[in-house]
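Dear colleague,

Please find below the structure that I am handing over to you.

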Amino acid sequence: NEHLYEDVRTVVGKGTPDVFPVRMRLDKRLQQRINRLPARSRALIVTSNESSLAGDRALLHNCQRLFGRTRRLHAKALSEIPDLAALLKSRRYALVLFSPLAWEQTPTRIRRMPSVARVATEPDPPALEGVRIAAGVLF
């Protein structure tokens, strides 16, 4: 599970055990898919109504860097979309990304549509190396 560093610190508190933040990045397959989108493409990130605002902001920020200035990225909560199937069939967006929580709440028939993808992340290797050093783990 992925959790925001601030949320974990709130639960754990200031004492032990030590908690180290690890920067996440979009996985390579999703990065490649986004990079193949033509200029001026529009994409949509769909988030869950149950996710935290801070988590949604972090996800949007992470994705926005890949889209750059040539493509437009929009965001909506799942509850703001009255007919998800109709939205996808309209081809208004070249790609519709679902946050992990929204993905779990989406019907399988929607998930199988070609313009749909789950936001998949992986730890950033340089960030992991920094955590390893900070934690004193030697190989």
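**The sheet and its surroundings**

Strand β4 (residues 95–98) pairs with β5 in the parallel sense over 3 bridges; two strands pair if DSSP finds at least two bridges between them. Strands (E, at least two residues) and helices (H or I, at least four) are DSSP runs, numbered from the N terminus. Please note that this is a predicted model, in which local features need pLDDT of at least 70 and side-chain atom pairs count only at pLDDT 80 or more, whereas totals for chains, interfaces and linings use all residues. Residues are numbered from 1 along each chain as its sequence is written, and side-chain values use heavy atoms, with hydrogens and water left out.

The open sheet consists of 4 strands in the order β3-β2-β4-β5, with parallel pairing. Because β3 (72–77) and β5 (116–118) each have a single partner strand, they stand at the edges, and one side of each is left without a neighbour in the sheet.

Within the pairing described above, Phe98 stands opposite Arg118 in β5. Phe98 and Trp103 are both buried (under 20% relative accessible area, with exposed over 50% and partly exposed in between; 1.4 Å probe, protein chains only).

Leu30 lies in helix α2 (residues 28–35) and counts as buried because its relative accessibility is 4%. Beyond its neighbours within four places in sequence, Leu30 is in contact (heavy atoms within 4.5 Å) with Leu97, Ala117, Arg118, Val119 and Ala120. Leu30 and Leu97 are 67 residues apart along the chain, and their C-alpha atoms are separated by 9.6 Å.

Yours sincerely
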